[in-house]
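Me: I have a model open and would like to go through the labels attached to it. Could you show me the structure before I start asking?

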Amino acid sequence: MKDHFRPPRAGRPEVFLLRKRVRRSRASEEDDRTAEAIANATIEERQVEAEYDFSFEYPLMNAVMKVVRDMEARVLSQTYDMDVQMRVSIRQGRLEELKTRLKKAISPF
């Protein structure tokens, strides 16, 4: 039986193949590190909030605060003068519902 072994080619092609293998190895190591980083990462969820300014007369404070609490809005600031001025922050998707409920509370008729 004849041996089909060929001696390696001399020069550049052998070196090129060796470098190519090393690059593949580095790429797979980077893929492994990326996969590990993703697996160990913490997911951070954030909510988009909108701010809303409005004013009303002081005797309506209980009705307004009930709406603000029910809608889970955060009171950012409030000023008491002849009228109460208030700034609240709420999830952007619930802003329109807050506006309609406040309009009903502020002007019941």
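Reply: Here we go through the labels and the values behind them.

This is a predicted model, in which local features need pLDDT of at least 70 and side-chain atom pairs count only at pLDDT 80 or more, while totals for chains, interfaces and linings use all residues. Residues are numbered from 1 along each chain as its sequence is written, and side-chain values use heavy atoms, with hydrogens and water left out.

Me: Happy with that. What makes up the secondary structure of the chain?

Reply: The chain has three helices and three strands, and from the N terminus on the elements run α-β-α-β-β-α. Helices (H or I, at least four residues) and strands (E, at least two) are DSSP runs, numbered from the N terminus.

Me: Why is the pair of Tyr52 and Phe54 called stacked?

Reply: A search of the whole structure finds three aromatic pairs. Tyr52 and Phe54 form one of them, at 5.6 Å centre to centre and with 25° between the planes. Rings of Phe, Tyr and Trp (its six-membered ring) pair if their centres lie within 6.5 Å; planes under 30 degrees apart count as stacked, over 60 as edge-to-face and the rest as tilted. The distance is within 6.5 Å and the angle is under 30 degrees, so the pair is stacked. Both Tyr52 and Phe54 are buried, and ring pairs link Tyr52, Phe54 and Phe56 into a cluster.

Me: And what makes the pair of Tyr58 and Tyr80 edge-to-face?

Reply: Here the values are 6.2 Å centre to centre and 70° between the planes. An angle over 60 degrees, with centres within 6.5 Å, makes this pair edge-to-face. Tyr58 lies in the loop between strand E1 (49-57) and helix H2 (61-70), and Tyr80 in strand E2 (residues 74-80), so the pair ties together parts that are 22 residues apart in sequence.

Me: How do you know that Tyr80 is partly exposed?

Reply: Its relative accessibility is 45%. Buried means under 20% relative accessible area, exposed over 50%, and partly exposed in between (1.4 Å probe, protein chains only). The value for Tyr80 falls in between, so Tyr80 counts as partly exposed.

Me: Why does Ile90 count as buried?

Reply: Ile90 has a relative accessible area of 2%, which is under 20%, so Ile90 is buried. This residue lies in strand E3. The C-alpha atoms of Ile90 and Val68 are separated by 9.2 Å, with the two residues 22 apart along the chain. Over the chain, buried residues make up 18% of the 109 residues.

Me: Why is the contact between Asp53 and Arg87 called a salt bridge?

Reply: Side chains of opposite charge can pair when their charged atoms come close. A salt bridge is a side-chain nitrogen of Lys or Arg within 4 Å of a carboxyl oxygen of Asp or Glu. For Asp53 and Arg87 the N to O distance is 2.7 Å, so the pair meets the rule. Asp53 lies in strand E1 and Arg87 in strand E3, so the pair ties together parts that are 34 residues apart in sequence. The count by this rule comes to seven salt bridges.

Me: What makes Glu51, Asp53 and Arg87 a network?

Reply: Salt bridges link Glu51, Asp53 and Arg87. Besides the bridge between Asp53 and Arg87, the side chains of Glu51 and Arg87 meet at 3.7 Å, N to O. Glu51 is in strand E1 and Arg87 in strand E3 (residues 83-91), 36 residues apart.

Me: What makes the phi of Glu72 worth a look?

Reply: Most residues other than glycine have a negative phi. Phi of Glu72 is near 60°, a positive value in a residue other than glycine. Glu72 sits in the loop between H2 and E2, and at 64% relative accessibility Glu72 counts as exposed.
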